[in-house]
Amino acid sequence: MLYQLTYSSQSTFAPSMDAMALLLDRARRQNAARGVTGVLFSVDGVFVQILEGERDVVRRLVEHIGQDPRHDGLTVVMEQPIAQRVFTSWSMAWISPDASEVAAWAQLDGTTGIQEVLARLQQNPARLPAVMEHIVHAIGDSDGDAGGA
């Protein structure tokens, strides 16, 4: 069963660009081997990741991420079976929006921080497809650092 899971976690480190590039390279290789696609973004020290793949594979991966000392307080925002992938071309895309961009994507005017955006998305997951559409657009508009597979 094809599955999609979105989680957030507090970053316990402030990665340099080199460290982030290494982390993304490793994640892309491992995700490709597992048949996992998705996107990772970081806003104000919070990681948000959307993963797609076989249900058991995605859940095991999130469990593993939750044990990684670079993440604290991993929270599943949404999980659901899906008919098709949104991030078909990316084993791990990367974007770095600010909280106001994510709030605008979710049509959450007046939302100030990423934690508030995530809490409101968790309360109303019907807003997530619009956020994903904007993420896909942002990835497509990037200069290639978004991380095509």
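## The cavity

Thr6, Phe41, Val48, Ile50, Val102, Leu118, Leu121, Leu128 and Val131 line the largest cavity of this predicted model. A cavity is a set of points, on a 1 Å grid over the protein atoms alone, where a 1.4 Å probe fits but cannot get out, and lining residues have an atom within 4 Å of a point. The volume of the largest cavity is about 40 Å³. By class, its lining has 8 nonpolar residues, 1 polar and no charged; Ala, Val, Leu, Ile, Met, Phe, Trp, Tyr, Cys and Pro count as nonpolar, Asp, Glu, Lys and Arg as charged, and the others, Gly among them, as polar.

## Strand β1

Strand β1 (residues 2-11) is largely enclosed by the rest of the structure, because 9 of its 10 residues are buried (under 20% relative accessible area, with a 1.4 Å probe and protein chains only).

β1 pairs with β3 in the antiparallel sense over 9 bridges, and serine 8 has valine 48 as its bridge partner in β3. Strand β4 (residues 71-81) is joined to β1 by 8 bridges, also antiparallel. There, valine 76 is the bridge partner of tyrosine 7. Two strands pair if DSSP finds at least two bridges between them.

## Confidence and basis

The average pLDDT (the predictor's confidence in each residue, from 0 to 100) is 85 for the protein, and 94% of the residues score at least 70.

Residues are numbered from 1 along each chain as its sequence is written, and side-chain values use heavy atoms, without hydrogens and water. As the model is predicted, local features need pLDDT of at least 70 and side-chain atom pairs count only at 80 or more, while totals for chains, interfaces and linings use all residues.

Terms used
On a 1 Å grid over the protein atoms alone, a cavity is a set of points where a 1.4 Å probe fits but cannot get out, and a pocket is an open set with protein on both sides within 12 Å along at least five of seven lines; lining residues have an atom within 4 Å of a point. Grid points are joined across faces, edges and corners, and a volume is the space filled by probe spheres set on the points. Buried means under 20% relative accessible area, exposed over 50%, partly exposed in between (1.4 Å probe, protein chains only). Helices (H or I, at least four residues) and strands (E, at least two) are DSSP runs, numbered from the N terminus.
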